[in-house]
Amino acid sequence: MQEDHAADPSALTPVQLAVLQSVAPDWRHDPYRSYAVLREAGPFIPGPLGTRLVPGYHEANLIMQNPDWSHAEESELLHPDSDVELPGSFLWMEPPDHTRLRGLVSKAFTMRTIEGLRGRTEQVVADLFDKLLAEGGDHPVDILEALAYPLPLTMVCELLGVPAEAHDEVRQMSAGIARGLDPDVLLSPAELAARTAAVHRFRDFFGDLIAQRRKAPQDDLITRLVRAEADGATMSPTELLGTLLILVVAGHETTVNLIGNGVLALIRDPDQFALLKSNPDLAVAAADEVLRYDAPVHLTTRTARTEITVSDQVFAPGEAVIVLFGSANRDPRAFPEPDRFDITRYAAGNRANRHLSFGLGLHYCIGAPLARLEMEMALRAIATRVAAFDLPHDPPPYRPNLVVRGMSELLVRVTPEEPTR
Ligand code: HEM
C-alpha cells in the first residue's frame with residue numbers, strides 16, 4: 001500500500017486506480033464508485049499486501065461461509081510490525097478456542113436477552129433526544145456527539161458494568177484501538193503510538209475493574225465472565241481481557257457509524273425520511289437497509305487454511321483475501337437498484353438477499369441483535385420527534401479509518417416536531 005501512495009495516478013489502469021481510491025483517505029466519503037469498478041473487473045482483484053480483493057456478493061458469501069478460510073492470521077497480515085499485542089479475542093480465533101469463548105458470552109446477546117433491554121434503550125434514546133432538541137434550535141448539532149456515540153457507549157458499558165463516570169475514558173481507548181485495526185502501513189507513527197497507549201490503558205482499566213468484581217461481584221457481564229475465568233478451565237485472564245476488548249470496540253465504534261450513516265442517508269433522501277415518518281414501524285427494516293446501503297465495517301480478511309477453489313480460482317494454503325462487505329452489499333447481481341436507499345427493502349414480505357454487514361458464518365456478529373435494537377429505537381425517535389433535517393455541509397468530514405468507516409462529524413440543523421401534548 002505504501003507504493004500505492006507514491007504512485008502517479010495518471011500511470012495507473014482504471015482498476016489500479018479504483019484499488020488505490022478504495023483505500024485512500026481522500027475517498028473515504030464515497031468508496032462506492034471504486035467498488036463498482038472493482039466488481040466489473042472480476043471476482044478477484046490483485047490487492048495490497050499480496051492479497052486478492054473480493055468485491056462481489058457471491059464470492060464474499062462463499063468465503064465467509066467456508067470455515068476453511070481462517071481469520072486467525074489477520075493480525076500477522078495487517079499488523080506485522082506491531083509493537084503491542086492486542087490481547088487475544090475470539091474474533092481472531094478458530095475452533096475449539098473460538099467455540100469455547102464465544103459460548104461464554106453468547107447468552108448475554110441472544111434475541112431474548114437483548115429484547116429485555118428495549119425499555120432501557122428507549123429511555124437512553126429519549127434522554128439524548130431531549131437534550132439534542134433543546135440544544136439545537138438554529139444551531140447545527142453534531143449528531144455523532146449528541147446521539148451516535150453516547151447511545152451504544154452507554155448500552156455496552158452498562159451491559160458490561162462500567163461505571164458511568166468512566167464511559168468517556170472507555171470511548172477514548174476504544175477510538176485508539178479502532179483506528180489501530182487498520183493495516184499498519186496506513187497508520188502514522190502517532191496513530192501507532194496512540195494504539196499502543198490505548199491498549200495499555202485498556203489493560204490497566206479493565207484489569208482494575210476485573211479485580212474489583214472478583215472482590216465484590218455485581219449483576220453484570222464482567223462479573224459473569226470473571227466467574228468463568230475463576231473456573232480456569234474455561235477462560236484465561238488474557239482471554240478475559242481480549243473478550244472485553246472486542247465487546248467494547250466492536251460493540252461501540254461500529255454502531256456509532258451505523259447511526260451516523262442512517263441519519264445521513266435519511267437527510268439525503270427526503271422521500272425515505274417522509275416514508276419513515278408516515279410509518280415509524282418501518283424503523284426495523286430501515287435499520288437493515290442502512291446496514292446494507294452504508295456498511296459500518298467495510299472489510300475483513302481471510303486466509304486459506306487448505307487449498308480452496310472459489311469461482312474457478314484456486315487459492316493455495318496461506319493465500320489471503322480481503323472481503324469487501326461495503327462492495328458486496330452494493331452488488332447489482334444480488335440487490336436490484338443497489339445504489340438506491342430503500343427502507344422497505346427488508347420490510348416483511350420482501351425477500352431481499354441478506355446483507356453482509358454483520359459478516360457471516362463462524363464469526364457472525366454476536367452483537368447484531370443489540371445493534372439492531374439501538375438503531376431501531378434511534379430511528380423511531382427520529383421518525384416521531386424530528387420534523388425536518390438540514391445538512392449545512394455535504395459531504396461531511398470522514399475519519400481516515402478504513403475497516404470501521406465513518407464520519408468524524410455530522411453537523412445537522414434539526415427542527416423538532418411540535419409536542420402533541
Ligand atoms: C452496527 C453495528 C455492528 C456491526 C456493523 C458489526 C459488524 C461485525 C462484523 C462484520 C463481524 C465479523 C467480522 C469478521 O468475520 O471478520 C462482527 C463480529 C463481532 N461483533 Fe459485531 N458489529 C456491530 C455491533 C456489535 C455489537 C453491538 C457487539 C457487542 C456488544 C458486537 C460484537 C461482536 C463480536 C464479539 C464479534 C466477534 C464474533 C466472533 O468472532 O464469533 N458487534 N461484527
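At 10% relative accessibility, Tyr-57 counts as buried, a class defined by a relative accessible area under 20%, with exposed set at over 50% and partly exposed in between (1.4 Å probe, protein chains only). Phe-335 is likewise buried, with a relative accessible area of 0%. The model is predicted, so local features need pLDDT of at least 70 and side-chain atom pairs count only at pLDDT 80 or more, whereas totals for chains, interfaces and linings use all residues. Residues are numbered from 1 along each chain as its sequence is written, and side-chain values use heavy atoms, with hydrogens and water left out.

A search of the whole structure finds 9 aromatic pairs; rings of Phe, Tyr and Trp (its six-membered ring) pair if their centres lie within 6.5 Å, and planes under 30 degrees apart count as stacked, over 60 as edge-to-face and the rest as tilted. Tyr-32 and Tyr-35 form an edge-to-face pair, with 5.8 Å centre to centre and 80 degrees between the planes. Both residues lie in helix H3 (residues 32-41), 3 residues apart, about one turn of the helix; helices (H or I, at least four residues) and strands (E, at least two) are DSSP runs, numbered from the N terminus. Tyr-32 and Tyr-35 are both buried.

Tyr-57 and Phe-335 also form an edge-to-face pair, at 5.3 Å centre to centre and 80 degrees between the planes. Tyr-57 lies in helix H4 (residues 57-65) and Phe-335 in the loop between helix H18 (325-328) and helix H19 (368-385), so this pair ties together parts that are 278 residues apart in sequence. The charged end of Arg-292 sits over the ring of Phe-335, 5.3 Å from its centre; this assignment requires NZ of Lys or CZ of Arg within 6 Å of the ring centre and within 35 degrees of the ring normal. The charged end of Arg-330 sits over the ring of Tyr-293, 4.2 Å from its centre.

The SG atom of Cys-365 is the single protein donor to the iron atom of the ligand, 2.3 Å away; donors are N, O and S atoms within 2.8 Å of the metal (3.2 Å for Na, K and Ca), and sites may look incomplete because water is not among the atoms. The ligand is surrounded by 30 residues, of which the closest are His-98, Arg-102, Thr-300, His-363 and Cys-365. A polar side-chain atom of Thr-300 lies 2.5 Å from an oxygen atom of the ligand, and one of Arg-302 lies 2.7 Å from an oxygen atom of the ligand.

Technical notes
Near = heavy atom within 4 Å. Polar contact = N/O pair within 3.5 Å; in protein donor to acceptor, adjacent residues only side chain to side chain.
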